[in-house]
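Subject: Structure handover

Hello,

Here is the structure for your files.

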Amino acid sequence: METTLRETLMTAQQMVEDYKINARKEAELVIKEAELRADEMIKESHEKVIKIHEDITDMKGIRRHFKEELKRLIENHLTMLNFDDKREREDTDEVAE
């Protein structure tokens with residue numbers, strides 16, 4: 001009976017050790033998976049930051065182009081208004097003579 005008790009105790013201790021080893025291996029696996037996911041998330045974040053910077057650069061170019069076009073349009077309208085004013089003065093001068 002004492003032998004059986006010792007064998008049972010040794011078997012129980014071996015089982016506990018096996019559980020510990022398996023738990024450590026599983027914990028290491030979970031940590032590695034978490035690290036891989038974290039690395040992937042960081043990579044995706046960097047890619048998004050790069051894309052956002054590219055979008056900002058594109059938008060600045062669009063804004064600059066829009067401002068140039070608007071300025072050209074305003075200048076053309078001012079030229080037309082000045083021409084119209086000049087015509088009106090000429091017409092007024094002709095009528096006065």
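A definition to begin with: patches are made of residues with over 30% relative accessible area and no salt bridge, where like charges are joined within 9 Å and nonpolar side chains (Val, Leu, Ile, Met, Phe, Trp, Tyr) within 5 Å. Accessible areas come from the Shrake-Rupley method with a 1.4 Å probe, and for residues only the protein chains shown count as cover. Lys and Arg count as positive, Asp and Glu as negative; His and the chain ends are left out of the count. A charge is placed at NZ of Lys, CZ of Arg, CG of Asp or CD of Glu.

This is a predicted model: local features need pLDDT of at least 70, side-chain atom pairs count only at pLDDT 80 or more, and totals for chains, interfaces and linings use all residues. Residues are numbered from 1 along each chain as its sequence is written, and side-chain values use heavy atoms, without hydrogens and water.

**Charged patches**

Which residues form the negative surface patch? They are Asp84, Asp85, Glu88, Glu90, Asp91, Asp93 and Glu94. Glu88 sits in helix α1 (helices, H or I, of at least four residues and strands, E, of at least two are DSSP runs, numbered from the N terminus). Glu88 is partly exposed, at 46% relative accessibility. For these labels, buried means under 20% relative accessible area, exposed over 50%, and partly exposed in between (1.4 Å probe, protein chains only).

There is a positive surface patch too. Lys60, Arg63, Arg64 and Lys67 form it. Lys60 is in helix α1. Its relative accessible area is 53%, so Lys60 is exposed.

Leu73 counts as partly exposed, at 43% relative accessibility.

**Salt bridges**

How many salt bridges does a search of the whole structure find? The search gives four. The term means a side-chain nitrogen of Lys or Arg within 4 Å of a carboxyl oxygen of Asp or Glu. Three of them are described here.

- Glu2 and Arg6: their side chains meet at 2.3 Å, N to O. The two are four residues apart in helix α1 (residues 2-96), so about one helical turn separates them. Glu2 is exposed, because its relative accessibility is 52%.
- Glu17 and Lys20: the N to O distance in this salt bridge is 3.8 Å. Both residues lie in helix α1, three residues apart, about one turn of the helix. Lys20 is partly exposed at 40% relative accessibility. Glu17 is partly exposed as well, at 39%.
- Lys51 and Asp55: the closest N and O atoms of this salt bridge are 2.7 Å apart. Both residues are in helix α1, four residues apart, about one turn of the helix. Lys51 has 44% relative accessibility and counts as partly exposed. Asp55, at 30%, also counts as partly exposed.

The side chains of Asp55 and Lys51 also make a polar contact, at 2.7 Å. That term covers a pair of N or O atoms within 3.5 Å; within protein, one must be able to donate a hydrogen and the other to accept it, and residues adjacent in sequence count only if both atoms are side-chain atoms.

Best wishes
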